[in-house]
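Take a friendly look around the protein shown below.

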Amino acid sequence: MLKNDLLLRAANGQSVERVPVWLMRQAGRVLPEYRATRAKAANFIEFVKNPELAAEVTVQPVDILGVDAAIVFSDILVIPEAMGLPYQMIEAKGPWFEKTIKSAADIDALNIADANDLNYVMQALQKSKTALNNEVPLIGFCGAPWTILAYMVEGSGSKTFSKAKQFLYTQPDLAHRLLEKITLSSIQYLKGQIESGANLIQLFDSWAGVLSESHFYEFSLRYMEQICDAISPLVPVTIFAKDAHYALENISHTSCNTIGLDWTINPAKARALTGTKTLQGNADPCLLYANAETIVRETTAMLNAFGKDRYICNLGHGLYPDLPKENVKLFVETVKNFRYA
Ligand code: CP3
């Protein structure tokens with residue numbers, strides 16, 4: 001049994017002695033220890049595919065930052081690769097795919113992936129689980145089907161994802177066929193992650209915010225809902241749909257347990273829209289560039305605004321690589337030391 005299960009209790013709506021805290025991208029370049037481990041691999045993809053190194057950086061933030069959960073070190077782009085679209089991670093630029101999806105034939109050629117195709121992630125989870133020694137829960141994850149489609153069609157990151165959005169407007173039937181394949185792959189992959197030790201699953205819909213509201217429901221939320229229905233009977237599920245707070249009320253009607261919030265909505269508004277769901281978030285990562293007094297003041301105000309129960313503290317998106325490590329630690333300590341009046 002877990003020694004610290006605050007995250008799982010909060011996700012399940014049970015009461016907690018104090019608010020749990022973890023950070024998106026906590027295993028990342030903010031930590032010099034991460035950069036040292038990463039330097040042992042030839043490149044990002046070799047790093048992700050090396051279960052020993054992946055487990056090492058998964059555990060680092062628990063030891064160094066004192067967070068209440070570990071998230072397995074991997075990437076959402078392992079799914080396109082397992083389905084048949086390999087990617088490269090280009091330094092200072094981000095992901096790049098040599099093949100992209102344009103036609104029905106391209107979609108037919110894709111595999112439906114399962115946990116065996118992603119054995120290196122399963123091994124990373126198992127090794128992380130062993131190293132964590134039941135101290136804190138282990139979070140598994142995958143990208144939301146829409147965000148994965150966005151990379152598969154666009155072929156790289158983009159400010160607008162206009163090629164991917166063009167695909168939705170001009171070939172909606174093909175888009176649904178592709179989303180179904182991604183959804184089936186994701187469900188099998190997540191079930192494997194749970195068998196390999198994941199205690200909670202987060203879906204990252206990083207590009208939800210480029211869609212219109214109706215397209216978000218049609219091309220994104222529907223498929224996240226299918227994943228929640230398959231996974232939430234097994235472990236708690238978090239939906240993090242960035243820049244989509246127009247959709248919070250509808251997200252709260254799915255079987256997810258927790259809703260992740262970016263920093264553009266205040267806690268009271270988010271509570272009013274989401275019924276009894278647990279909320280996670282939502283400090284602006286740039287708060288951690290501020291001085292200590294500002295960090296403590298703003299973090300304390302956020303904790304008071306969300307309240308103790310049904311709340312998991314996090315940032316509104318991932319840590320930026322140049323944030324000062326001491327400030328990240330101060331944020332975590334502020335949350336852990338805070339007690340509600
Ligand atoms: O600590 C954690 O949060 C776990 C690890 C994790 C990574 N990527 C490691 C990573 C997680 C959960 C992800 C998810 C991910 N990957 C998302 C969804 C979350 C989000 O940020 O919205 C997305 C969109 C990706 C795709 C991706 N991976 C991009 C666009 C980039 C390049 C951007 C950058 O920061 O360089 C990556 C690379 C990546 N994935 C890094 C890390 C730590 C940085 C690579 C490095 O070490 O140089």
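The largest pocket holds about 1,200 Å³ of space. This is a predicted model, in which local features need pLDDT of at least 70 and side-chain atom pairs count only at pLDDT 80 or more, while totals for chains, interfaces and linings use all residues. Residues are numbered from 1 along each chain as its sequence is written, and side-chain values use heavy atoms, with hydrogens and water left out.

**Pockets and a cavity**

On a 1 Å grid over the protein atoms alone, a pocket is an open set of points with protein on both sides within 12 Å along at least five of seven lines; a cavity is a set of points where a 1.4 Å probe fits but cannot get out; lining residues have an atom within 4 Å of a point. Grid points are joined across faces, edges and corners, and a volume is the space filled by probe spheres set on the points.

How many residues line the largest pocket? There are 35, and R25, R29, F44, D75 and M89 lie nearest its centre. The elements that give two or more residues to this lining are α2, β2 and β3. Element names come from DSSP runs, numbered from the N terminus: helices are H or I with at least four residues, and strands are E with at least two.

Ala, Val, Leu, Ile, Met, Phe, Trp, Tyr, Cys and Pro count as nonpolar, Asp, Glu, Lys and Arg as charged, and the others, Gly among them, as polar. The table puts the spaces side by side.

| Space | Volume | Nonpolar lining residues | Polar lining residues | Charged lining residues |
|---|---|---|---|---|
| Second largest pocket | about 170 Å³ | seven | two | two |

Residues lining the second largest pocket include W263, N282, E298 and M302. Two elements, β8 (278–283) and α14 (292–306), each give two or more residues to that lining. Of these, α14 gives the most, with three residues.

The structure holds one cavity of 30 Å³ or more. Among the residues lining the largest cavity are I239, F240, H245, L261 and D262. Here β6 (237–241), α12 (248–251) and β7 (258–260) each supply two or more lining residues, and β6 gives the most, with three.

**Aromatic pairs**

Now for the rings. Rings of Phe, Tyr and Trp (its six-membered ring) pair if their centres lie within 6.5 Å; planes under 30 degrees apart count as stacked, over 60 as edge-to-face and the rest as tilted. A search of the whole structure finds 13 aromatic pairs. Why is the pair of Y34 and F47 called tilted? Their ring planes stand at 55°, with centres 5.6 Å apart, so the pair falls in the tilted class. Y34 lies in helix α2 (residues 32–38) and F47 in helix α3 (residues 44–48), so the pair ties together parts that are 13 residues apart in sequence.

Are these two residues buried or exposed? Buried means under 20% relative accessible area, exposed over 50%, and partly exposed in between (1.4 Å probe, protein chains only). Y34, at 4% relative accessibility, counts as buried, and F47 counts as buried at 0%.

Y87 and F97 make another tilted pair, at 5.9 Å centre to centre and 35° between the planes. Y87 sits in strand β2 (residues 87–90) and F97 in strand β3 (residues 94–97), ten residues apart. Both Y87 and F97 are buried. Elsewhere, Y34, F44, F47 and F73 form one aromatic cluster.

**The sheet**

Two strands pair if DSSP finds at least two bridges between them. Seven strands form an open sheet with parallel pairing, in the order β1-β4-β5-β6-β7-β8-β9. At the edges stand β1 (70–71) and β9 (311–315), each with a single partner strand, so one side of each is left without a neighbour in the sheet. Strand β4 (residues 138–143) pairs with β5 over five bridges in the parallel sense, and G143 stands opposite F204 in β5.

**Confidence**

The predictor's confidence in each residue is its pLDDT, from 0 to 100. The mean pLDDT of the protein is 98, and 100% of its residues reach 70 or more. Confidence is lowest in β2, at a mean of 96, and highest in strand β5 (residues 200–205), at 99.
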